[in-house]
Amino acid sequence: MLKPKREDTLKFVKENVTPANMQCVDYEVNLGTNVGGATIIAELWQNGACTESLPVVLNSQNSQLQISFLVDGFGTNEGVQGLNIQIGMDDQADSALAFFELPSQVIGYSFAAYEDKEIIKVHAGEEHILAAMEFDVGDGVESIDCVSLLDEPERLTSDSCLLIVRATFTEN
């Protein structure tokens with residue numbers, strides 16, 4: 001009897017939304033068959049240009065990936081100051097943390113990730129967007145989803161303020 005062929009995957013396992021100004025997404029990582037790892041990059045795009053980025057390396061020994069977003073000052077009298085983002089693996093020993101300054105006029109945001117329990121099959125050389133936040137700076141926000149953002153890269157340069165977390169996968 002033939003064993004089923006193992007595939008390299010990321011499985012979206014949950015999205016936590018507590019408190020209201022925080023988003024947290026978790027992925028189960030299953031790499032090592034053909035994919036050796038990935039570079040995970042959080043990118044802040046403002047007025048058509050990438051203004052800040054945070055890269056983190058994910059390898060095939062990692063079994064979990066967590067991405068946390070905290071919009072600092074959202075819903076307070078002081079207003080939005082920026083976005084704290086943390087990208088971590090497994091026990092968070094390999095995590096990276098950054099603060100991205102946001103425009104002072106941010107009045108809201110939309111958030112996109114995958115559906116609970118959704119499995120993303122990955123291959124070396126591919127890129128996937130794992131999460132995204134579009135910020136309303138007074139001109140509204142459009143509906144966003146991770147697949148459309150990858151298929152329509154012009155959104156990065158046409159939106160006023162957008163944060164994406166992308167993964168580029170490498171060979172084993």
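Colleague: How is Ile41 classed in this predicted model, buried or partly exposed?

Modeller: Ile41 is partly exposed, because its relative accessible area is 22%, and a residue counts as buried under 20%. This residue lies in strand E3, which covers residues 35-46.

Colleague: Which residues are in contact with Ile41, leaving aside its neighbours within four places in sequence?

Modeller: With those neighbours set aside, Ile41 is in contact with Ser53, Leu54 and Pro55, and also with Ile164, Val165 and Arg166.

Colleague: Which residues have the most contacts inside the largest nonpolar core?

Modeller: That core has 54 residues, and those with the most contacts inside it are Tyr27, Ile67, Phe69, Ile85, Phe135 and Leu163. Its largest share, seven residues, comes from strand E11, residues 161-171. As for Leu163, not counting residues up to four places away in sequence, the residues that it touches include Phe69, Leu83, Ile85, Phe100, Met133 and Phe135.

Colleague: In what sense do strands E2 and E5 pair, and over how many bridges?

Modeller: Strand E2 (residues 22-30) pairs with strand E5 (residues 64-72) in the antiparallel sense over seven bridges, and within E5 the bridge partner of Gln23 is Phe69.

Colleague: What is the bridge partner of Phe69 in E6?

Modeller: In E6 that partner is Ile85, and the pairing of E5 with strand E6 (residues 82-89) is likewise in the antiparallel sense, running over eight bridges. Phe69 and Ile85 are both among the residues with the most contacts inside the largest nonpolar core, and Leu163 touches each of them.

Key: Residues numbered from 1 in each chain as written. Predicted model: local features only at pLDDT ≥ 70, side-chain atom pairs only at ≥ 80, totals over all residues. Heavy atoms only, no water. Core = buried A, V, L, I, M, F, W, Y, C linked by side-chain atoms within 4.5 Å. Buried < 20%, exposed > 50% of the residue type's maximum accessible area, 1.4 Å probe, protein only. Helix = DSSP H or I, 4+ residues; strand = E, 2+ residues; numbered from the N terminus. Contact = heavy atoms within 4.5 Å. Pairing = 2+ DSSP bridges.
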